[in-house]
Amino acid sequence: MAKRKVRTEIKVSFFIVLCLLVGISAVFSNSNNKIKNNDKSGEIRSSTTKKVLKRSAKLTLVGDFLFESPFYQSVSNGYNENDYFKFVKDYFLDDDLSIANMEVVIGNETLQVSGDGYNFCAPAYIGSLVSSLDLEVLSTVNNHAYDRGLDGLVSTINYFKNTDIKTVGTYLNEEDRNTPRIIEINGIKFGFLAYTYGTNAKVNETDKRLISVYRDTNTRTINKDLLSKEIGSLKEQADVTIVMMHWGDEFTFSANNEQKEIAAFLNELGVDIIYGSHSHSIQPIEIIGDEKKTLVYYSLGNFVSNDDDIARTPKGQETFDNAYQFGLLSTLNVLVDENRNVSFENIKAKPIVNYFDKNMDNWLLIPYEKYTEEYEKNHFRYNLGLTKEFINNTYTSVIEEKYK
C-alpha cells in the first residue's frame, strides 16, 4: 500500500509539472504574438526609441479693456462695479496664464478721470477691478498709452507693479525696457513683447523709448530691425514667445495688408503666438507658416466696452456699433517638448457679450451661452440690432468652425 501511495504521488506531481510547462509555453507564445501585433500597429515602440516628453499650460486670451464714461457714471450712481465680471471670473481661475490689453490709462489723485473724447484715464478702482480677474499679463501699449502723457504712462505701470500682473509695451526707463517679461509656468518659460502702430497724443522725444512702436517714426514703415533685435533676444531666453500687436483698421472684420505682412515676418522670426487688438470688432484666428507654425489672433475685439454709440462708425449703419459690444474669449493648451518645439491643442473661442440695460446701467459680461432672451431684449441696443442672431451670425462668419 505504501509503494502504491508513493507511485500515485509521483504521477500527480508529473501531471502538475506537465501542466505548468504547457501554461508557461502558452504565455510566452501569446506574449510574442502581442509584441508582434503591437509592433505592426505602432502601439509599442522599440526599446531604442526615445520618448519625447511634453509640458503643457492652459491659456486664456481676451481683448481690449476699454472702460468709458457711462460705466463710471453707473458706479457713481450706486452700481457695484464688482458685479461686472461675475459671469466670467471662473475662466481666469481655471487656467495657467491669462492675457489681455489695457486700453485705458490708470490714473492717480493728480490725473483727471476721462472716459470719452477718445482720451481715456480711468479711476484707480478700475485697476483694482481688472486685478480681481487673476490675470498674469497686460499689454499697456496702444494708441491710448500716452493719453495723459508721461504721468499717465508711469501711473499705469506703477499701479500694476503692486499687483501680480506683469505689464509689457510701456516702460519706466531704458533698463525697464531691456528687462525681459518672462513667466515660468509648469516648467515652460513664456516670454512677452508688445507693440502699437502709434499713439493718439504726440510723444515727447525724451519719452519715445518708453513706448514700443512697431513703425519707424520717420518712414512710417514696419521697423523690422527693431522687431528682429527684441524678438531675437527674447527667444534666446523663452520657450514660448508671445507678441502682442495693436494694429489694423478699426471697425473691420478682416486683417489688412500690414497685419498680414507683420504676421508673416513674426512667423519668420519664430514667434509662437501673435495676440492682436485695436479693431474693436472680432477678426479671424489662423495658424500660419510652413515649418514653423504661428498662431495668430488678428483681433479678439472688445472684452470691456462702455459706449452705446460710436461717432466714427458710418451714420445709419449699426453693424460696428453692435460689433463693439462683444468680443472673444479664447482658451488653448500650449505644449512644449524637450527640444523646445511648440504646438497647440484645443484652440477655442467664444463670444462674450457686454450687457447694459435700457438705462445704460447694470453692466455685465455674459458668455453667449448664458445670454438669455431676457438679457437680449433688455439690452440698451436691442432695438438697434444687437440681437443674439446678429452676434451668432457675425461670430459664425468671422471665426472658423474648428475654433468654436
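Mentor: Buried means under 20% relative accessible area, exposed means over 50%, and partly exposed lies in between, with a 1.4 Å probe and protein chains only. The model is predicted, so local features need pLDDT of at least 70 and side-chain atom pairs count only at pLDDT 80 or more, while totals for chains, interfaces and linings use all residues. Residues are numbered from 1 along each chain as its sequence is written, and side-chain values use heavy atoms, leaving out hydrogens and water.

Trainee: Which residues of helix H11 are buried?

Mentor: In H11 (residues 388-398) they are Phe-390, Ile-391, Thr-394, Tyr-395 and Val-398. Helices (H or I, at least four residues) and strands (E, at least two) are DSSP runs, numbered from the N terminus.

Trainee: What makes these residues lie on the same side of H11?

Mentor: The arc is that of the directions from the helix axis to the C-beta atoms. These residues cover only 125 degrees of it, and therefore they sit on the same side of H11. The face turned away from the buried side carries the exposed residues Glu-389 and Ser-397.

Trainee: Against which elements do the buried residues of H11 pack?

Mentor: They pack against helix H9 (319-323), strand E15 (326-337) and E16; contact means heavy atoms within 4.5 Å.

Trainee: Why is a set of residues called a nonpolar core?

Mentor: The term requires buried Ala, Val, Leu, Ile, Met, Phe, Trp, Tyr and Cys residues joined through side-chain atoms within 4.5 Å. The largest such core has 90 residues, and Phe-303 is among those with the most contacts inside it. Strand E16 (residues 342-355) gives the most to this core, with seven residues. A second, separate core of 22 residues includes Tyr-214, Leu-234, Ala-263 and Phe-265.

Trainee: How do you know that Lys-377 and Glu-373 form a salt bridge?

Mentor: The rule asks for a side-chain nitrogen of Lys or Arg within 4 Å of a carboxyl oxygen of Asp or Glu. The closest N and O atoms of Lys-377 and Glu-373 are 2.7 Å apart, so the pair qualifies. Both belong to helix H10 (residues 373-378), where being four residues apart separates them by about one helical turn.
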